[in-house]
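Biologist: Please take a close look at how one part is put together. Start with the backbone, then move on to the packing around it.

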Amino acid sequence: MRINKLIMVTLAVLCINFILVPIFYLLITTEPFSFLEILKDKEFWASVQISFLGAFCSSIIGLFMGLPFGFLVARKNFPAKSILESITFLPIVIPHVAVGIMLLCFFSKIGIPIVDTVWGIIVAMCFVSISYSISSCIMGFRSVDPELEWTARSLGASASYTFFRITLPLVFPYIARGFILSFARALSEVGAILIIAYYPKSIPVLIYERFENFGLRKAVPITSFVILLSLFIFSLIIFLERRSAKNKEKKYVF
Amino acid sequence: MFFKAHIKKRLTDFDLDISIEIDKEEYTAILGPSGAGKSMTLKIIAGIEPSEYQYILLEDINISELPPEKRKIVYLTQKDSLFPHMNVFENIIFPFIARGVKIDQNLLDKVIDTFKIRPLLHRLTKHLSGGEARRVALARAICAKPKVLLLDEPLSFLDFHIRLELIDFLKKIPQAYGTSIIHVTHDPIEACLLSHRIYILKRGKIASCIKPNLDSAQLINIVSKISPLIEALK
């Protein structure tokens with residue numbers, strides 16, 4: 001029993017260190033002066049803008065498409081529902097370079113120019129991250145007890161009022177979770193973007209390019225900076241979430 | 001007749017075929033074992049569950065084709081179904097806000113006092129005990145000014161003394177608020193203590209209809225005999 005516990009703890013420690021140690025190693029070994037160079041690097045800031053714009057737009061688009069789909073899958077019964085639900089996970093399964101080729105073929109065929117445009121980046125990011133939005137929306141709608149909706153209807157609320165005042169606020173934490181996950185996934189996409197839109201350069205493409213042309217020495221500072229930026233954004237989101245949860249409690253409980 | 005309903009629905013084990021009548025401000029119970037189709041009956045009357053046939057008359061108006069929000073019938077689920085993202089006050093005024101009407105302050109004050117929920121008004125619903133939550137749910141249902149109130153096992157999952165206290169509240173509702181009640185239960189004592197008329201339901205059909213003659217003196221007698229036990233439970 002004691003040995004089992006020891007093995008479990010060791011594996012757990014290994015697991016968390018597998019994530020943390022490479023991050024800290026990179027941050028510690030980056031030269032401080034190279035950071036300053038990055039701050040002055042206009043190409044880097046342009047890529048930050050492109051990446052954030054693309055990730056934001058693609059996550060919003062993903063949610064707009066994912067919400068109605070999530071509602072239908074969670075609430076209605078129709079033929080081949082489980083097959084449709086599995087299809088939403090395809091973007092995670094298909095290798096992302098293949099996604100790039102596939103989207104390129106399709107959009108060239110229907111005559112929409114996406115090569116080397118921001119639209120191309122958004123399309124690629126949206127495709128690879130939409131599974132997270134959809135699955136969060138499905139989870140969200142499944143978490144709301146339909147009895148709450150019946151009760152609201154029975155108390156005199158119309159179907160649309162019930163949706164916007166009861167269902168949607170209860171699903172909102174899941175929507176936020178879906179947004180954060182797909183934003184993060186979109187931000188880190190490189191395979192599909194390399195194929196569709198090398199320009200305008202997004203952060204991962206810039207890192208890849210610096211690494212290819214100048215080696216590790218030039219790639220490391222940007223990488224560290226991007227890691228710091230990601231850590232900062234996610235701590236901010238978690239902080240805001242916690243604070244809003246706390247405020248709500250304080251307001252109502254005494 | 002104030003309220004009349006005839007409903008039919010095919011269920012997996014048997015067919016539901018029920019016809020009931022209720023007077024104004026009458027307290028009616030539908031008594032039957034679990035799985036006899038009691039909750040389904042209420043859901044069909046409330047307009048939440050579709051059925052093969054329904055003919056529901058409320059004050060001589062056929063309401064069978066109306067959506068749930070227009071039926072003037074409120075269905076209170078077994079789980080209370082208080083909205084978890086609102087506090088107690090927001091829950092209680094929901095029926096006014098949802099229908100876009102002015103808050104009836106007199107009714108609101110009366111309801112808050114009847115159900116003794118003034119100290120709870122600013123609490124989040126997850127911080128309520130079982131009995132408190134049930135009182136709030138009843139108060140909210142009454143704020144919707146229903147002509148008929150449908151209660152689905154309103155005394156289940158509660159401690160004995162809280163059930164007795166709630167029976168007191170429930171008894172007052174029809175006269176105080178001009179509402180008829182259909183109360184679904186599998187507990188014969190509960191049905192006898194509360195109702196003017198009891199429909200007994202067996203496998204989707206009304207087996208019989210009785211009018212219990214338990215007057216308040218008898219009720220007090222019963223309660224006084226078991227009150228030491230109740231005190232002990234508190």
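Modeller: Helices and strands here are DSSP runs, with helices (H or I) of at least four residues and strands (E) of at least two, numbered from the N terminus. The model is a predicted one.

Begin with B:Phe157. It sits in the loop of chain B between strand 7 (148-152) and helix 5 (160-177). Its phi is positive, about 60°, yet B:Phe157 is not a glycine.

With 17 other C-beta atoms within 10 Å, B:Lys72 is partly exposed.

Chain A has a backbone feature to inspect too. The peptide bond from A:Tyr199 to A:Pro200 is cis, with omega near -15°. A:Pro200 belongs to the loop between helix 10 (191-196) and helix 11 (203-214) of chain A.

The chain has twelve helices and zero strands. Its C-alpha trace spans about 65 × 60 × 45 Å along the principal axes. Of its 254 residues, 31% are buried. Among contacts in chain A with a separation of 6 or more, 82% join residues 24 or more positions apart.

Look closely at helix 7 (residues 118-143) of chain A. The axis of helix 3 (residues 42-75) of chain A comes within 5 Å of the helix 7 axis, and the two cross at roughly 35°. That crossing is right-handed. The residues of this contact divide into 22 nonpolar, nine polar and two charged.

Helix 6 (residues 96-109) of chain A also meets helix 7. Here the axes come within 11 Å and cross at roughly 130°. Angles over 145 degrees count as roughly antiparallel, and 65 to 115 as roughly perpendicular. Helix 6 and helix 7 of chain A are therefore oblique to each other. Their crossing is right-handed. From helix 6 of chain A come A:His96, A:Val99, A:Gly100 and A:Leu103; they meet A:Val123, A:Ala124, A:Phe127 and A:Val128 of helix 7. The residues of this contact divide into six nonpolar, two polar and no charged.

Notes:
Residues are numbered from 1 along each chain as its sequence is written. Chains are lettered from A and ligands numbered from 1 in the order in which they are written. This is a predicted model: local features need pLDDT of at least 70, side-chain atom pairs count only at pLDDT 80 or more; totals for chains, interfaces and linings use all residues. Axes are lines fitted to C-alpha atoms, for helices over the stretch in contact, and angles run from 0 to 180 degrees between N-to-C directions. A crossing is left-handed if the near helix is turned anticlockwise from the far one by less than a right angle, and right-handed if clockwise. Ala, Val, Leu, Ile, Met, Phe, Trp, Tyr, Cys and Pro count as nonpolar, Asp, Glu, Lys and Arg as charged, and the others, Gly among them, as polar. Angles under 35 degrees count as roughly parallel, over 145 as roughly antiparallel, 65 to 115 as roughly perpendicular and the rest as oblique. Two residues are in contact if their C-beta atoms, placed from the backbone, lie within 7 Å. A residue is buried if 20 or more other C-beta atoms lie within 10 Å of its own, exposed if 12 or fewer, and partly exposed in between; C-beta atoms are placed from the backbone.
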